[in-house]
Amino acid sequence: MYKLMNPGSKFLPFGWKLFISYLILIILPVVILAYTANSILVDSMRTQTVTNLHGTLAQMRDNVSYKLRDTERISDMLYYDETLALNLMRLEEGWISYETTSTILLPKFRQAVESTNQKLWLSIYLRDTNLPEIYYDSGDVDLLRVKDKYFDVYHINRIQFENWYKSFPPEQYGKTMKWTQVDDDEQFERISLLRRLVNTVDPLDLKEIGFMRGSVYLSELFESMDYNKIGPGSLIQVINQNGTKMYSTGDLDSVEHQAMHNGSTSNQLVIHEKIPELDWTITAYVPQDILEKGVQKVTQITLLICLLFVLLISAVASYLSRYISKRFSKLISVLVMFQQGDYHKRIHYKGTDEFTLIADALNKMGAQTEHLIEEVYETNLKKKQAELESLQAQINPHFLYNTLSSISRLAKFGRVEQQHEMIMNLAKFYRLTLNDGQTIISIYKELEQVKAYLDIQKVKYGDRMEVDFDIDPDILRYETIKLILQPFIENALEHAWCGDRIYIRVIGEQMDDKVVFQIIDDGIGMKTQYAESLLEKDGDDQKGYGIFNVHERIQLSFGEEFGVAIYSRLGIGTNITIIIPIQKKNEI
């Protein structure tokens, strides 16, 4: 094909090499990316499913709490009713007690039970025996199922010997109440709210004038607990503080069968939610199938997308390899024509492929372009030398001297790795500090410059120096004048040591339309008067020049409402606060 090629030689064409390279370098990362994305998505789906299940169970708990609080609200209507309390303490007989009962007490009791949508049986026990009892003698019939909402009135001597009444806790104003099962509650699957009626007219004398019992059905209280909201095969149970199951909905046989077969419910997710009003626990058993729901479908879709990408990339790679190969063939033809000139060979490739021809042609062209390369090289070298001299003039001699001294000591003691690390960190520091001569940089670059400086100091101080950064990511996109943080950290490392260790914390956050930095150390600290003098022109030259320099540059750039503030206490440490306005790109 080409003039210099041996007719008998064989090699793999460049187009095929390019095609295979495309397949390896592009398809393999796609496969890895697809696998990683699928793993992340599957984990995310599982996590989201668990979160949703927790949320569903929490909503069920909130529904139960709402109904419990609704019953407590009804008791509040009677508990805090001063008119009711006054009439229950009148202790008058005859017509007055009858009129009190018919015109005041019964309407209030009726209004209380009718103010709820729940099935509620309200029993009132009165200490005033002059007031009549009003009740149905229903025998063993559950009147609550017949009437839905019902109240009756008794004298308190009917319950004064009951254990649940005698053990009722002492009264605390507005707080003492108790949910429990008493009398026939367990038989009819109810639970009752017990609460005193007291003299609320005088909270300092909480004399008992009656007792309330509000009974509601467990089935109505827990009607929102539908296992179908979680998924088929799941189970929801309500367990009281004694470990007794009070309510259950769902596939109990499935959970018990698994526990008997495996000895545990490890293949199921178990979720607990506490009902604070009852001190009961809602427990949900969720089958693994629900957690894995959708995972298989996501995996299949990922595989399908991955396969489509492989086919598409293969087609594109085949087209590009042929396209580029044709152009290389034309380029090689031109270079073969150049071989008839006077070019000097300089490169020698082993092998018999297209690159051998390219090397021959380039070697022959090299002789004619050598002098041009040398001129360009010399020009660039001079330009680089001028730039280096300009940058060199901006270096802080004091800091550079200290750093080079540290490097010299490391070399003297043969600590080559640390020496190399400090040199690389020094180079990075000055690259970030000089910043092509720009004075306005992003906060991100300012923090990078600080970290580069700390990397240098880390080599010098090792574990004796600890620096933490707490930076709000939102402020990284704003801009600032450069070198407003590093001087303070340098100052702390030079002057704030208290013992052989120092801890520095750098905080950056947005407050309204300002960016606030804090540099906090646990060093030796300063007197208040001395700290204030550091922000004055005639302050301490050695310790305060860099601080005043930053303060003055901020105020000159942004105004007198911004700048540096210093708070320090001897033996405690120092807190430097730097305030600058929010500045987006091109605003300064």
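Before I show you a patch on this protein, let me define the word: patches are made of residues with over 30% relative accessible area and no salt bridge, where like charges are joined within 9 Å and nonpolar side chains (Val, Leu, Ile, Met, Phe, Trp, Tyr) within 5 Å. A salt bridge, in turn, is a side-chain nitrogen of Lys or Arg within 4 Å of a carboxyl oxygen of Asp or Glu, and accessible areas come from the Shrake-Rupley method with a 1.4 Å probe, with only the protein chains shown counting as cover for residues.

Please keep in mind that this is a predicted model, in which local features need pLDDT of at least 70 and side-chain atom pairs count only at pLDDT 80 or more, while totals for chains, interfaces and linings use all residues. Residues are numbered from 1 along each chain as its sequence is written, and side-chain values use heavy atoms, with hydrogens and water left out.

With that said, here is the patch: W16, I20, I24, L25, I26, L28 and I32 form a nonpolar patch on the surface, and together they have about 700 Å² of accessible area. One of them, I26, lies in helix α1, which covers residues 14-79, where helices (H or I, at least four residues) and strands (E, at least two) are DSSP runs, numbered from the N terminus. I26 is partly exposed, with a relative accessible area of 32%; buried means under 20%, exposed means over 50%, and partly exposed is in between, using a 1.4 Å probe and protein chains only.

Stepping back to the whole chain, there are 16 helices and 16 strands, and 42% of the 588 residues count as buried. The chain exposes about 34000 Å², of which carbon and sulfur atoms supply 54%. If we take contacts, meaning heavy atoms within 4.5 Å, between residues at least 6 apart in sequence, 66% of them join residues at least 24 apart.

Let me turn to the aromatic rings. Rings of Phe, Tyr and Trp (its six-membered ring) pair if their centres lie within 6.5 Å, and planes under 30 degrees apart count as stacked, over 60 as edge-to-face and the rest as tilted. The structure holds 15 aromatic pairs, and among them is the tilted pair of Y79 and Y173, at 6.1 Å centre to centre with 50° between the planes. Because Y79 lies in helix α1 and Y173 in the loop between α5 (163-166) and β3, this pair ties together parts that are 94 residues apart in sequence. Y79 is buried at 1% relative accessible area, whereas Y173 is partly exposed at 36%. The rings of F109 and F151 have centres 6.0 Å apart and planes at 65°, so that pair is edge-to-face, and it links F109 in helix α3 (residues 95-114) with F151 in strand β2, 42 residues apart.

Next come the charged side chains. Side chains of opposite charge can pair when their charged atoms come close. The count here is 22 salt bridges. In one of them, E208 pairs with R127, the closest N and O atoms being 2.9 Å apart; E208 lies in strand β5 (residues 208-217) and R127 in the loop between β1 (120-126) and α4, so the pair ties together parts that are 81 residues apart in sequence. In another, R190 pairs with D142 at 2.7 Å between the closest N and O atoms, linking strand β4 with the loop between β1 and α4 across 48 residues. R190 is buried at 1% relative accessible area, and D142 is buried at 7%. Both belong to a network of salt bridges that links D142, R145, D183, D184, D185, R190 and R213.

Most residues other than glycine have a negative phi.

I will end with helix α14 (residues 486-495), where eight of the ten residues are buried, so the helix is largely enclosed by the rest of the structure. A492, one of those buried residues, is among the contacts of D521 beyond its neighbours within four places in sequence. D521 is in strand β14 (residues 514-521) and counts as buried at 10% relative accessibility.
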